[in-house]
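Please keep the sequence and the structure in view.

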Amino acid sequence: MPRVFLITGTSTGFGANLVQEVLDRGDFAVATARKPDSLSFKGTSSHNYLAVKLDVTDPSSIQSAFAAALDKFGRIDVVVNNAGYGLAGPFEELSDTQIKTQMDVNFFGLIAVTRKAMEVMRDQKPSGGLVQQVTSIGGQRGVPNFSIYCASKWAVEGFTEAISQEVKPDWGIKFTCIEPGGFRTDWAGRSMAFPEKRHPAYDHIDVQKAMGARHGTQAGDPIKGAKAMYELAVMKDPPLRVVVGTDAYKAIMGKIDSYGENYKKYEKISNSTDVEGYKAP
């Protein structure tokens with residue numbers, strides 16, 4: 001039986017490429033976007049495709065999108081939380097509004113979609129499904145000039161790891177954090193937000209110029225990235241998290257090494273604080 005994918009943020013980038021991959025593989029796609037009329041994919045029909053309006057910051061929009069998907073296909077097997085954007089700039093240059101909006105879209109919107117996905121997957125017959133969270137290598141390591149973006153992605157990582165241990169195994173609900181490195185999408189181009197005002201203390205940093213120079217030169221191919229996401233989605237036992245991209249793999253392996261060195265170095269202090277006579281259960 002074809003799987004039913006509901007994917008957020010399908011106007012461009014990973015979302016658009018993943019919808020096409022799903023259709024090409026013979027599965028069904030519910031493509032969501034704030035402007036669904038602008039979506040266009042090859043090989044669509046009334047049997048395998050549905051375009052739906054979904055704004056992850058609007059609870060009623062989430063409810064309506066899931067209702068439309070269930071009305072059309074009867075179930076949802078994979079939900080891909082791909083909607084999001086990058087906010088780049090020194091922390092002190094970011095406005096409170098920019099910070100809040102970044103968290104509203106990248107974190108609070110994602111957890112609202114996840115809540116609905118879990119409800120649907122638990123209640124449908126047979127129960128089960130996969131929730132893919134598109135985070136970032138920035139959800140595993142702090143990247144300068146991306147403090148709030150990284151905060152939003154780290155939040156998703158911790159949230160997802162926790163809830164993956166709350167669900168009953170017999171519900172069949174699984175979770176995967178997809179952690180991409182740099183890909184040639186619009187993420188570093190027109191989709192990126194920058195500070196509205198510069199701070200004189202940060203005249204040594206020009207993030208907009210740096211990102212403009214990087215845009216289009218990243219290692220990652222979005223079409224190949226979408227194929228990897230699909231392969232992970234159809235695995236019998238998908239991983240909780242996986243990096244995607246050679247730069248992301250190199251970065252995470254370096255982070256693992258530095259973690260091991262740091263925590264081992266301070267092992268004596270870490271293990272010096274128990275109550276006298278305490279024995280672990």
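Which residues in α2 meet which residues in α3? Ile 62, Gln 63, Phe 66 and Leu 70 in α2 meet Gly 109, Ala 112, Val 113, Lys 116, Ala 117 and Val 120 in α3. Contact here means heavy atoms within 4.5 Å. The model is predicted: local features need pLDDT of at least 70, side-chain atom pairs count only at pLDDT 80 or more, and totals for chains, interfaces and linings use all residues. Residues are numbered from 1 along each chain as its sequence is written, and side-chain values use heavy atoms, without hydrogens and water.

- Seven nonpolar, two polar and one charged residue make up the contact of α2 with α3.
- Helix α2 spans residues 59-73 and helix α3 residues 96-123.
- They pack at an angle of about 35 degrees, with axes 10 Å apart. Axes are lines fitted to C-alpha atoms over the stretch in contact, and angles run from 0 to 180 degrees between N-to-C directions.

**Strand β6**
- Seven of the eight residues of β6 (residues 173-180) are buried, meaning under 20% relative accessible area with a 1.4 Å probe, protein chains only.
- Strands pair if DSSP finds at least two bridges between them.
- β5 (residues 129-134) pairs with β6 in the parallel sense over six bridges. Ile 178 in β6 is the bridge partner of Val 134.
- From β5 the chain passes through helix α4 (residues 147-163) to β6, in a right-handed β-α-β crossover.
- β7 (residues 241-244) also pairs with β6 in the parallel sense, over four bridges. Val 243 in β7 is the bridge partner of Glu 179.

Technical notes. Helices (H or I, at least four residues) and strands (E, at least two) are DSSP runs, numbered from the N terminus. Ala, Val, Leu, Ile, Met, Phe, Trp, Tyr, Cys and Pro count as nonpolar, Asp, Glu, Lys and Arg as charged, and the others, Gly among them, as polar. Buried means under 20% relative accessible area, exposed over 50%, partly exposed in between (1.4 Å probe, protein chains only). A crossover is right-handed if, with the strands pointing away from the viewer, the path from the first strand over the helix to the second runs clockwise.
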